[in-house]
Amino acid sequence: MNVSIAAGLFLLVGVASPQNFSVTKPNLELRLTPGKLLHGVPVKFTFELVNITDHDVYVPKPKVDCISSIDGYIWLELDFTPAKFTGSGSGFGCTEDQVGLPAILDRAKDWHLLHPGETVMQILGQHELHYDDKGAGTYEFWAEYHPPTINSQDQKTLREAGIDFPRYDLKTRRFVYKKH
């Protein structure tokens, strides 16, 4: 390892020594908080990834409602049961990836450092989340988090550098609303 890489690594993690992180349980928790209601349905949601460990975790800012294997993503899920059949619903989705990524330690320099209990938070409205609440019925919302895709060699590199990172898919509890 040349001196400039070692110095950059030391600056990135504070200590360039391997850590023994648990890989058998999640190091993050996903939280979903509904915002103000309009006609019985939330118009905004707050998404939080919380470090639930006793050590630092590095987390790329996840995309929301856009699949990203590079940064990971959070998806707002909605089960809608109409009061009466009103036709089919509409959906939204996108995929975002890049070709020719920088080395994993260079990517990690841009990740959020979460100390124990700290969060990465995003507040998004109905327009950004692409859901329709025009019909009467039951709305059931929850969120899912999918971490970035990191190959086994890059995972090993991160662990050897003392960097803990997201590894598990997560889900929130469900919130049910009725609109008449």
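Strand 12 (residues 137-146) pairs with strand 14 in the antiparallel sense, over 5 bridges. The model is predicted. The protein chain has 180 residues, and 41% of them count as buried. Its secondary structure comes to 4 helices and 14 strands.

**Strand 14**
- Within the pairing, Phe175 of strand 14 is the bridge partner of Phe141.
- Strand 14 covers residues 175-179, and its side chains alternate between two faces.

**Asn27**
- Asn27 sits in the loop that runs between helix 1 (3-13) and strand 1 (28-34).
- The relative accessible area of Asn27 is 5%, so this residue counts as buried, the cut-off being under 20%.
- The side chain of Asn27 makes a polar contact of 3.1 Å with the side chain of Asp164.
- The Asn27 side chain also reaches the backbone oxygen of Phe165, at 3.0 Å.
- Leaving aside residues up to four places away in sequence, Asn27 touches several others, including Val50, Ile52, Val57, Pro166 and Arg167.

**The chain as a whole**
- Counting contacts between residues at least 6 apart in sequence, 77% join residues at least 24 apart.
- The accessible surface of the protein chain is about 10300 Å², and carbon and sulfur atoms account for 53% of it.

Definitions and conventions: Residues numbered from 1 in each chain as written. Predicted model: local features only at pLDDT ≥ 70, side-chain atom pairs only at ≥ 80, totals over all residues. Heavy atoms only, no water. Buried < 20%, exposed > 50% of the residue type's maximum accessible area, 1.4 Å probe, protein only. Contact = heavy atoms within 4.5 Å. Areas by Shrake-Rupley, 256 points an atom, 1.4 Å probe, with all protein chains shown as cover. Polar contact = N/O pair within 3.5 Å; in protein donor to acceptor, adjacent residues only side chain to side chain. Pairing = 2+ DSSP bridges.
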